[in-house]
Amino acid sequence: MLKTLIRKIAIFPVLIYQYMISPLFPSNCRYTPTCSQYMKEAILKHGPFKGGWMGLKRIGRCHPWGGHGHDPVP
């Protein structure tokens with residue numbers, strides 16, 4: 001129960017981004033799923049620390065010289 005609460009708290013900033021900030025900008029995603037969706041799935045699957053780190057690494061790869069395509073959460 002505590003793990004679930006911590007994961008929901010960790011996902012909350014991602015949800016704020018997805019529903020309030022992301023709609024203001026055009027879609028420029030290089031990957032599927034999007035980086036915010038990837039972060040959310042990684043936190044749910046691997047917990048806030050490892051999942052958060054995986055999401056931050058994914059955001060770091062999202063640049064013009066980075067990769068693209070389908071990149072699901074392992």
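The structure examined here is a predicted model, in which local features need pLDDT of at least 70 and side-chain atom pairs count only at pLDDT 80 or more, whereas totals for chains, interfaces and linings use all residues. Residues are numbered from 1 along each chain as its sequence is written, and side-chain values use heavy atoms, with hydrogens and water left out.

The protein contains three helices and two strands, which follow one another from the N terminus in the order α-β-α-α-β; helices (H or I, at least four residues) and strands (E, at least two) are DSSP runs numbered from the N terminus. Along its principal axes, the C-alpha trace spans about 40 × 25 × 15 Å. Of the 74 residues, 27% are buried, that is, under 20% relative accessible area with a 1.4 Å probe and protein chains only.

Helix α1 (residues 2-21) packs with helix α2 (residues 35-46) at an angle of about 170°, their axes lying 10 Å apart, where axes are lines fitted to C-alpha atoms over the stretch in contact and angles run from 0 to 180 degrees between N-to-C directions. The helices α1 and α2 are therefore roughly antiparallel to each other. Among the residues that make the contact (heavy atoms within 4.5 Å) are Ala 10, Ile 11 and Val 14 of α1, together with Met 39, Ile 43 and Leu 44 of α2.

Methods
Buried means under 20% relative accessible area, exposed over 50%, partly exposed in between (1.4 Å probe, protein chains only). Angles under 35 degrees count as roughly parallel, over 145 as roughly antiparallel, 65 to 115 as roughly perpendicular and the rest as oblique.
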